[in-house]
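Here are my notes on this model, written as numbered points. Have the structure open while you read, and start with the surface.

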Amino acid sequence: MPRRRTPSVHHYRFHDEWVLPAPPDAVYAALEDGEGYPAWWPQVRYVEPADGISGTVRFRSLLPYELVITARESRRDPAARVLEIVMTGDLEGWARWTIRPHGAGGSVARFEQDVDVRKALMRRLALPGRPLFLANHAWMMRAGRRGLRALLERRSPGI
């Protein structure tokens, strides 16, 4: 039986769904290219691969702080179109993309994340800052959706 997690102000769970005008395999290919994220997602500032399955990632959104994580691939399944990483550093936990068909030739990319914040500043400001942290994350996700959509449209004009 899984251990129940004690509720914490440092814990976040996120779910987002991006409807995209591209086939699932094209969306999967774009999301699978971790090194390419900074080209289309402005808040992903830096990705430095360490080896074939891990690397360092730096994020910065509207609020004046940066998050640095080490991401390690835990699942890459092209048949199921699932990508999953385990994170350590300023955020500890996991994130997952699941891509499925949607409508005539489109896709839905579902993002799920379950993390505990380890960055000292965010821990100190956990209670008063939580609404701002949530808004900052939502803004980052909207920018990511716009960037991925634009990338997919450049790769396949007319989709």
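Predicted model: local features only at pLDDT ≥ 70, side-chain atom pairs only at ≥ 80, totals over all residues.

1. Residues are numbered from 1 along each chain as its sequence is written, and side-chain values use heavy atoms, leaving out hydrogens and water.

2. On the fold, you will find four helices and seven strands (DSSP runs numbered from the N terminus: H or I of at least four residues for helices, E of at least two for strands). Their order along the sequence is β-α-α-β-β-β-β-β-β-α-α. The radius of gyration, taken over C-alpha atoms, is 16 Å, close to the 15 Å that the globule rule gives for 159 residues, so the protein is as compact as a globular protein of that length. That rule is 2.2 Å times the number of residues to the power 0.38.

3. Of the contacts (heavy atoms within 4.5 Å) between residues at least 6 apart in sequence, 52% join residues at least 24 apart.

4. Now to the salt bridges, of which the whole structure has 14 (a side-chain nitrogen of Lys or Arg within 4 Å of a carboxyl oxygen of Asp or Glu). One of them joins E32 and R76, with the closest N and O atoms 3.1 Å apart. Because E32 lies in helix α1 (residues 24–32) and R76 in strand β4 (residues 67–77), this pair ties together parts that are 44 residues apart in sequence. E32 is partly exposed at 29%, and R76 is partly exposed at 40%.

5. R76 also forms a salt bridge with E73, where the closest N and O atoms are 2.5 Å apart. E73 is partly exposed too, at 22% relative accessibility. Elsewhere, salt bridges that share partners join E17, E84, R96, R100, R110 and E112 into one network.

Notes: Buried < 20%, exposed > 50% of the residue type's maximum accessible area, 1.4 Å probe, protein only.
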